[in-house]
Amino acid sequence: MRKDYYKILGVDKNATEEEIKKGYRKRALLHHPGTEKEEKKFKEVGEAFSVLSDSKKKARYDSGQDLEDDAKLLFIAFCLLFFFLPDFDANNIFKCKLVSGCLSASGPGNFFFQFG
């Protein structure tokens, strides 16, 4: 079930940026960690604020889009690379200073990594 970030912060769906900040401050003080239950609620308040205070995330949230879509797409791309490139070594990604500069195409379907 999807979390209602507006309810978590105690604000209306048409709340302004200032009202969202005010709701966050109030709930963060109210649920400041002292017990395990409060710590969970405090993290939930922080999560709600991080979404509603970012205009792009808020727009995606309000339209009902999954906020995890980007992470899922990245995971799928990694899996495709891993399974369809037989010489692919994931460790090479971490050796790269700039990943986008390491992956090059030498022709249709042919990729190679450059290091150095």
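A search of the whole structure turns up three aromatic pairs. A pair here means rings of Phe, Tyr or Trp (its six-membered ring) with centres within 6.5 Å; planes under 30 degrees apart count as stacked, over 60 as edge-to-face, and the rest as tilted. This is a predicted model, in which local features need pLDDT of at least 70 and side-chain atom pairs count only at pLDDT 80 or more, while totals for chains, interfaces and linings use all residues. Residues are numbered from 1 along each chain as its sequence is written, and side-chain values use heavy atoms, with hydrogens and water left out.

Take tyrosine 5 and tyrosine 61. Their ring centres are 4.8 Å apart and the planes are at 35 degrees, so this pair is tilted. Tyrosine 5 sits in helix 1 (residues 5–9) and tyrosine 61 in helix 4 (residues 55–62), so the pair links parts of the chain 56 residues apart. Helices are DSSP runs of H or I, at least four residues, numbered from the N terminus. Both tyrosine 5 and tyrosine 61 are buried, where buried means under 20% relative accessible area, exposed over 50%, and partly exposed in between (1.4 Å probe, protein chains only).

Next, tyrosine 24 and phenylalanine 49. With centres 4.3 Å apart and planes at 20 degrees, the pair is stacked. It links helix 2 (residues 17–30), which holds tyrosine 24, to helix 3 (residues 36–52), which holds phenylalanine 49, 25 residues apart. Tyrosine 24 is partly exposed, at a relative accessible area of 25%. Separately, Tyr5, Tyr6 and Tyr61 make up one aromatic cluster.

Now helix 3. Which of its residues are buried? They are Glu44, Val45, Ala48, Phe49, Val51 and Leu52. These cover an arc of only 165 degrees around the axis, which puts them on the same side of helix 3; the arc is taken from the directions from the helix axis to the C-beta atoms. On the other side of helix 3, Glu36 and Lys43 are exposed. The buried residues of helix 3 pack against helix 1, helix 2 and helix 4, with contact meaning heavy atoms within 4.5 Å.

Last, the core. A nonpolar core is a set of buried Ala, Val, Leu, Ile, Met, Phe, Trp, Tyr and Cys residues joined through side-chain atoms within 4.5 Å. The largest one has 13 residues, of which Tyr5, Leu9, Val11, Ile20, Leu52 and Tyr61 touch the most other members. Helix 3 gives this core its largest share, five residues.

Conventions:
Helices (H or I, at least four residues) and strands (E, at least two) are DSSP runs, numbered from the N terminus.
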